[in-house]
Amino acid sequence: MTTTRTRRTARAAGAGSGLLAGAAGVLAGEGLASVLGVTGPVVAVGNRVVDLTPRPVKEWAIETFGSADKLVLLSGVLVVLAVALAALGVVGVRHRAAALTGLTVLIALAAAAMLLDPAQGAGSWEVVACVAVMLGVGLGGLAWMLSSLQAPARDTGPRRRSVLAAASGVAAVGAVGAAARTVGDRSAGPQSLDLPQPATSADPVPSGVSFDVDGLTPHVTPTEDFYRVDTALQVPQVDARDHVLRITGMVDRPLELTVGDLLERDLVERRITMTCVSNPVGGDLLGTATWIGIPTRELLAGAGVQDGADAVRSVSTDGFTAGTPLGVLTDDRGALVALGMNGGPLPAEHGYPVRMVTPGLYGYVSATKWLTELEVTRFEDFTAYWTDRGYAAKAPIKLSSRIDVPGSFAQLDAGDVTVAGVAWAQTVGVERVEVRVDEGEWHDAELGVEDSDQTWRAWRWVWPAEPGNHRLEVRATDRAGKVQTSRREPIAPDGSTGWHSTTVTVS
Ligand SMILES: Nc1nc2c(c(=O)[nH]1)N[C@H]1C(S)=C(S)[C@@H](COP(=O)(O)O)O[C@H]1N2
Ligand SMILES: [Mo]
């Protein structure tokens, strides 16, 4: 055996030892974390990376990877971790102390990420226990593996056996961690509650609200198709049995309401179209659901709002915060603290057990999910999750419209083609929708029967299509007489503008 070959083998064995011991440490930490119900080290590190990522990079990631962005990020964290562990193992073949110190530093970083996770109070004993386990398994495993590699090589038989013994011991501990994680994930609290019938039901959906056109967005979005926007890498799993909503700040009587307290009140049901500020022109980050909840203003009145307040800062279990104008939560638009969606309890993804739904404002300033606190305050006294990242403090939804059919680059036959879509101007109402072809004159579209000014409105127009390539454009006018602007604005700081268009080929 040449020396280079021996060295290469030693390096590979070192890298393998680092990976194996590190993986066992991470799995042990993940396993214990999931049994104890706290955020595990990998997701905690991912969450801190998200928090620290500058806005342009975040926007690029969302545009490039779409809803796979979180998977890409977690994979990135795992790849970086694997490379670091392998490198530590290689170093450890010759400098054991250096490798063990390096691993301690990695675990300390994970510990910091876990302690900073808003889902678990800093200094929680659960985090300390996970860190202890990671240190024990990771450092112990690496030391064991490295010393078995360094055992005198006079006889390769016993040495191979001791390496194998160490490797299988470390792997076994990792497997126990992985198993614990699976069990821990399954034993999360029940994800449902008994939602009573609302005392006030929503008006039935008027007939004629939509058109029978293939590809046209349905008036009420099925829950499983409803868009989702979360900053947290993992959907928070909240146990409704010990969830509390606090109403605090500039109030006469701070309140602490359990989910049971909330369910005992008279519930109302309202259809509301929610919209995300990140919806690009023509995008689908909006949806309509039937929400069941308590009027936000009743809860605030119960606490007694004091003079001088102009905002409500809402807080989520996951550390997300939003700032909503107090007036919007107390006027007649019907803002809700919601417990139900489309007839059932809120799904975990949409804020179980309780969230805000506020007509007329983009979600990031009005729709906090997994809601724990409504703090009555003043805009000048706080900032919130997205305002800290360059978005506007006040963000009413902008008048907008979208062509659902025909889709971009559709190949159509000449003759009558139905063009259809939705338009929205929440709390104002859509008065008119127009379509034009190749920048010709505008044609009035037929409007669906209005549900309410809080929901989108369907429209259609029959186009006598002639052969060629054509561009269709849409614009809406709201009930106040405002015509949707053609000016293209970006998503940040307060929502995109511009006309949606699609290009089609007719033959
Ligand atoms: N806790 C928490 N609440 C949140 C968010 C979030 O990331 N975390 N996203 C907000 C944004 S930007 C929008 S548009 C809506 C989306 O709600 P949905 O995911 O139920 O569609 O929730 C809002 N509430
Ligand atoms: Mo959003």
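The protein chain is split into domain 1 (2-187), domain 2 (223-389) and domain 3 (400-506), with bounds that come from an automatic or database domain assignment. This is a predicted model, in which local features need pLDDT of at least 70, side-chain atom pairs count only at pLDDT 80 or more, and totals for chains, interfaces and linings use all residues. Residues are numbered from 1 along each chain as its sequence is written, chains are lettered from A and ligands numbered from 1 in the order in which they are written, and side-chain values use heavy atoms, with hydrogens and water left out. The C-alpha centres of domain 1 and domain 3 are 52 Å apart.

The UniProt record, an unreviewed entry, annotates a transmembrane region at residues 71-91, 98-116, 122-142 and 163-183. UniProt positions are given in the numbering used here, feature names are shortened, and annotations may be inferred rather than shown by experiment. Residues 71-91 are 100% helix and 0% strand in the model, with 30 Å between the end C-alpha atoms. Residues 163-183 are likewise 100% helix and 0% strand, and their end C-alpha atoms are also 30 Å apart. Helices (H or I, at least four residues) and strands (E, at least two) are DSSP runs, numbered from the N terminus.

Aromatic contacts come next. A pair of aromatic rings is described by the distance of the centres and the angle of the planes. Rings of Phe, Tyr and Trp (its six-membered ring) pair if their centres lie within 6.5 Å; planes under 30 degrees apart count as stacked, over 60 as edge-to-face and the rest as tilted. By this rule there are 8 aromatic pairs. One of them joins Y364 and Y391 edge-to-face, at 5.7 Å centre to centre and 65° between the planes. Y364 lies in the loop between β9 (355-357) and β10 (371-377), and Y391 in the loop between β10 and β11, so the pair ties together parts that are 27 residues apart in sequence. W386 and Y391 form another edge-to-face pair, with 5.5 Å between the centres and 75° between the planes.

Y364 is buried, with a relative accessible area of 8%, and Y391 is buried at 7%. W386 is buried too, with a relative accessible area of 17%. Buried means under 20% relative accessible area, exposed over 50%, and partly exposed in between (1.4 Å probe, protein chains only). F320, Y364, Y385, W386 and Y391 make up one aromatic cluster. The charged end of R389 sits over the ring of Y385, 3.7 Å from its centre; the rule asks for NZ of Lys or CZ of Arg within 6 Å of the ring centre and within 35 degrees of the ring normal.

W370 is placed in the loop between β9 and β10. W370 has a phi near 50°, a positive value in a residue other than glycine, and is buried with a relative accessible area of 2%.

Strand β13 (residues 415-424) has 7 of its 10 residues buried, so β13 is largely enclosed by the rest of the structure. Strand β11 (residues 400-405) runs antiparallel to β13 and is joined to it by 5 bridges, with I403 opposite G421. Strand β17 (residues 457-465) is also antiparallel to β13, over 9 bridges, and its P464 is the bridge partner of D416.

Strand β19 (residues 500-506) is likewise largely enclosed by the rest of the structure, because 5 of its 7 residues are buried. Strand β12 (residues 411-412) pairs with β19 in the parallel sense over 2 bridges, and L412 has V506 as its partner.

The peptide bond from V405 to P406 is cis, with omega near -5°, and P406 lies in the loop between β11 and β12. A492 and P493 are also joined by a cis peptide bond, with omega about 5°; P493 is in the loop between β18 and β19. T427, in the loop between β13 and β14 (430-437), has a positive phi of about 75° although it is not a glycine. At 30% relative accessibility, T427 counts as partly exposed.

Technical notes:
Two strands pair if DSSP finds at least two bridges between them.
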